[in-house]
Structures are given as structure tokens and as C-alpha cells.
Amino acid sequence: MLQQDSNDDTEDVSLFDAEEETTNRPRKAKIRHPVASFFHLFFRVSAIIVCLLCELLSSSFITCMVTIILLLSCDFWAVKNVTGRLMVGLRWWNHIDEDGKSHWVFESRKESSQENKTVSEAESRIFWLGLIACSVLWVIFAFSALFSFTVKWLESEPVMLRNQ
């Protein structure tokens, strides 16, 4: 858990009470939440595919951009509210204290000997690799768009000058 102010009187609430106390299964590579795993990757991969095939799917730049933004918004919501909690035990919310100050509270599944027995190693890998790999792809796309934009601009400049 992140460090909180010393005057903050919020309780430390366990994220998965029943699982931590009653589960004695060994750590498995089996995917326990297949639907969450699917949607964790679906929104991200769909946004990348739409970005790559944008010119083939639609001639309208705005349509493609709105589709990508909607897919990434769905991805953000899913990671924040569903997949982060189910797959790796992350949870966060906003808490407003008596003074009206806003505090973001972040929780992660507590480290214990029982925790190692309840985490699915495959789901954890899917979650973190999905977050990192897609982010790296977007950075590569940003740099390639930056450099290709410059080249396209230089190529189209003589054409624009001839038309004037």
C-alpha cells in the first residue's frame, strides 16, 4: 500500500478476505478468469489493429480516431475496475477527508505465504505483458508517425507549390 498521511484515519481493508483465509491451493499457471483476460487484451489489441488498418477500414480520419479513443477508454475502465482487481489484485479509489481534501487510495494484494497460493502466474503475466507490450507499441507508433509525418510533409510540399 502506498504511504498515506499520518492524519489519515482510513482503515487498511483487505482486498480478498475470503480467499486469503480459506484457500490452500498451490500456485497454478491456469487462467482463473478467462473472460477478464480476454477483455484485457481485446480492447488493447483492437485499438492497435484499428490504428494499423485505419486507411483500409475508413477514409475518415475522425471515425478511426474516435474508434481508437473509445477502445482505449474501454480498456482503461476495464483495467482500473475489473482486470486489475481480478488478475493481479490492484484496486484504487478516491477518498475525500473531513477537510475536503481528495486522497487517492491504492491497494494491492498483500504479500504473504497464502498470497502465493492464490495468484495465477499465467494471469499475472498476461496482465503485465499486455500493459507493457501495448504501451511500447504505441510509443513506436508515435515515433514512426512523427518521422513519417516529416517525410510526407517534405514530399507533398513541392506538389503544393506547383498547384499554387
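Predicted model: local features only at pLDDT ≥ 70, side-chain atom pairs only at ≥ 80, totals over all residues.
Strands S1 and S2 form a hairpin in which 5 residues lie between them, and within the turn Gly 100 has a positive phi of about 90 degrees. S1 covers residues 90-96 and S2 covers residues 102-108; the two strands pair in the antiparallel sense over 7 bridges.

The hairpin may now be placed within the protein. The protein contains 6 helices and 2 strands. Read from the N terminus, its elements follow the order α-α-α-α-β-β-α-α.

An unreviewed UniProt entry carries the annotation "transmembrane region" for residues 35-53, 59-79 and 126-151. Such an annotation may be inferred rather than shown by experiment. In the model, residues 35-53 are 95% helix and 0% strand, and the C-alpha atoms at the ends of this span lie 26 Å apart. For residues 59-79 the figures are 90% helix and 0% strand, with 31 Å between the end C-alpha atoms.

Aromatic side chains deserve attention next. Which residues form one aromatic cluster? They are Phe 38, Phe 39, Phe 42 and Phe 43. In the protein, the count of aromatic pairs comes to 8. Phe 42 and Phe 43 illustrate how such a pair is classified: their ring centres are 5.5 Å apart and their planes stand at 65 degrees, so the pair is edge-to-face. The reasoning rests on two cut-offs, because centres must lie within 6.5 Å for rings to pair, and planes over 60 degrees apart count as edge-to-face.

Are Phe 42 and Phe 43 buried or partly exposed? Phe 42 has a relative accessible area of 36% and is partly exposed, whereas Phe 43, at 15%, is buried. The classification follows because buried means under 20% relative accessible area.

Finally, some totals describe the protein as a whole. Of its 164 residues, 27% count as buried. Its accessible surface comes to about 11700 Å², and carbon and sulfur atoms account for 64% of that area. Among contacts between residues at least 6 apart in sequence, 67% join residues at least 24 apart.

Terms used:
Residues numbered from 1 in each chain as written. Heavy atoms only, no water. Pairing = 2+ DSSP bridges. Helix = DSSP H or I, 4+ residues; strand = E, 2+ residues; numbered from the N terminus. Phe/Tyr/Trp six-rings, centres within 6.5 Å; stacked < 30°, edge-to-face > 60°. Buried < 20%, exposed > 50% of the residue type's maximum accessible area, 1.4 Å probe, protein only. Contact = heavy atoms within 4.5 Å. Areas by Shrake-Rupley, 256 points an atom, 1.4 Å probe, with all protein chains shown as cover.
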